[in-house]
Amino acid sequence: MKVTVVGAGNVGATCADVLAYREIANEVVLVDIKEGFAEGKALDIWQKAPINLYDTRTVGVTNDYTKTAGSDVVVITSGLPRKPGMTRDDLISTNAGIVTSVTENIVKHSPDAIIIVVSNPLDVMTYAAHITSKLPRTRVMGMAGILDTARYRAFLAEALNVSPKDIQAVLMGGHGDTMVPLPRYTTVGGIPVTELIDKETLDAIVDRTKNGGGELVKLMGTSAWYAPGSAAAQMVEAIVRDQRRVFPVCVKLEGEYGIDGVYLGVPVILGKNGIERIIELDLNEDEKQLLETSRGHVKEVMDALDNINASKA
């Protein structure tokens with residue numbers, strides 16, 4: 001198995017590192033546009049192999065997609081963070097250009113690959129990669145739900161003073177403050193979370209989850225990387241090892257949940273073919289309304305990208 005990670009920054013390098021030490025693939029190729037950057041990160045990870053006892057070979061290249069040929073899975077982490085003075089449309093335009101170029105190179109050299117998008121704004125970058133690749137929706141997806149549910153579960157574990165291993169949760173919608181955590185589908189060792197925690201505390205944890213990325217930016221002055229990189233690697237593992245794991249993943253909806261043509265996080269079964277199945281939950285009216293709000297927000301950003309592309313044409 002061969003996996004490519006495009007973007008050797010903190011998230012991409014963390015993803016490559018997790019893939020290597022967990023021996024998820026035989027070879028991991030790290031790609032970046034900065035001369036020598038991916039090569040250095042890959043070499044550092046490879047030199048750790050005798051210490052952490054793994055065989056995965058890590059290789060770094062500067063903007064050379066021929067070395068990625070035949071990849072089974074490709075993770076896209078490329079893109080710029082939003083900088084002071086940069087409008088949302090500026091960020092969308094810049095990162096969509098990067099993701100589009102990367103996707104074209106991926107499909108050229110690895111036409112059978114499954115693509116996982118991590119670049120932000122996540123939902124619309126998944127849209128950009130999907131329309132560029134022309135691949136089935138089951139093979140182009142975005143990583144956000146695993147990260148968001150991990151934050152949610154970590155906060156719950158802290159509040160309940162229990163192991164995070166025993167907490168299972170589902171979260172839907174867009175990546176950001178319109179995401180839809182579902183306490184009704186959250187359990188602790190099989191026990192509904194609502195039986196273990198009061199509503200006020202649970203609501204505070206849900207709000208903290210929605211702003212989880214922003215909290216880290218305030219603390220560090222930059223966005224997170226350990227959890228996002230590990231989350232992307234977990235998706236790769238589910239695909240490469242055909243684990244058929246149930247994860248919330250960003251995918252183009254085609255009628256599911258009464259939504260058509262919008263990219264949203266929903267629970268799916270992830271296996272060797274990518275998204276094996278989209279799971280439709282029986283949402284109540286409040287949950288449906290929250291999902292509709294999230295849909296509207298994501299559609300607005302998708303429309304912004306369409307308008308930017310139309311103005312360039």
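Helices, as named in these legends, are DSSP runs of H or I with at least four residues, numbered from the N terminus, and it is in one of them, helix α10 (residues 285–312), that E287 is found.

**View 1. E287 in helix α10 of the predicted model.** The model shown here and in every view below is a predicted one. E287 belongs to helix α10, which covers residues 285–312, and its relative accessible area is 7%, so the residue counts as buried, the cut-off being under 20%. When residues up to four places away in sequence are not counted, E287 touches V180, L182 and R184.

**View 2. The whole chain, as a setting for the close-ups.** The chain contains ten helices and 14 strands. Its radius of gyration is 19 Å, close to the 20 Å that the globule rule gives for 313 residues, and the chain is therefore as compact as a globular protein of that length. Taken along the principal axes, the box filled by the C-alpha atoms is roughly 50 × 50 × 40 Å. Of the 313 residues, 50% are buried, while the chain exposes about 14,300 Å², of which carbon and sulfur atoms supply 50%. Among contacts with a separation of 6 or more, 69% are made by residues 24 or more positions apart. The side chains include 32 positive and 40 negative ones, and the centres of these two sets lie 4 Å apart.

View 3. In an unreviewed entry, UniProt lists a "binding site" whose residues include G7, N10, V11, D32 and N120. N10 lies in helix α1, which covers residues 10–21, and V11 lies in helix α1 as well. N10 is partly exposed, with a relative accessible area of 39%, whereas V11 is buried, with a relative accessible area of 18%. Leaving aside neighbours within four places in sequence, V11 is in contact with T77, V118, A224, W225, P228 and G229; of these partners, V118 is also listed by UniProt for the "binding site".

**View 4. R151 in helix α6.** R151 has its place in helix α6, which covers residues 145–160, and with a relative accessible area of 12% this residue is buried. Beyond residues up to four places away in sequence, R151 touches T209, G212, G213, L216 and A224, and A224 is in turn one of the contacts of V11. Q168 is 17 residues from R151 along the chain, and the C-alpha atoms of the two are separated by 12 Å.

**View 5. G173 in the loop between β8 and β9.** G173 is found in the loop that joins β8 (171–172) and β9 (180–181), and at 7% relative accessibility it counts as buried. Not counting residues up to four places away in sequence, G173 touches D123, L264, G265, L291 and S294. C250 is 77 residues from G173 in sequence, yet the two are 8.1 Å apart in space, C-alpha to C-alpha.

Notes:
Residues numbered from 1 in each chain as written. Predicted model: local features only at pLDDT ≥ 70, side-chain atom pairs only at ≥ 80, totals over all residues. Heavy atoms only, no water. Helix = DSSP H or I, 4+ residues; strand = E, 2+ residues; numbered from the N terminus. Rg over C-alpha atoms; globule rule 2.2 N^0.38 Å. Buried < 20%, exposed > 50% of the residue type's maximum accessible area, 1.4 Å probe, protein only. Contact = heavy atoms within 4.5 Å. Areas by Shrake-Rupley, 256 points an atom, 1.4 Å probe, with all protein chains shown as cover. Lys, Arg positive; Asp, Glu negative; His and termini not counted. Charge placed at Lys NZ, Arg CZ, Asp CG, Glu CD. UniProt positions renumbered as here; feature names shortened; annotations may be inferred.
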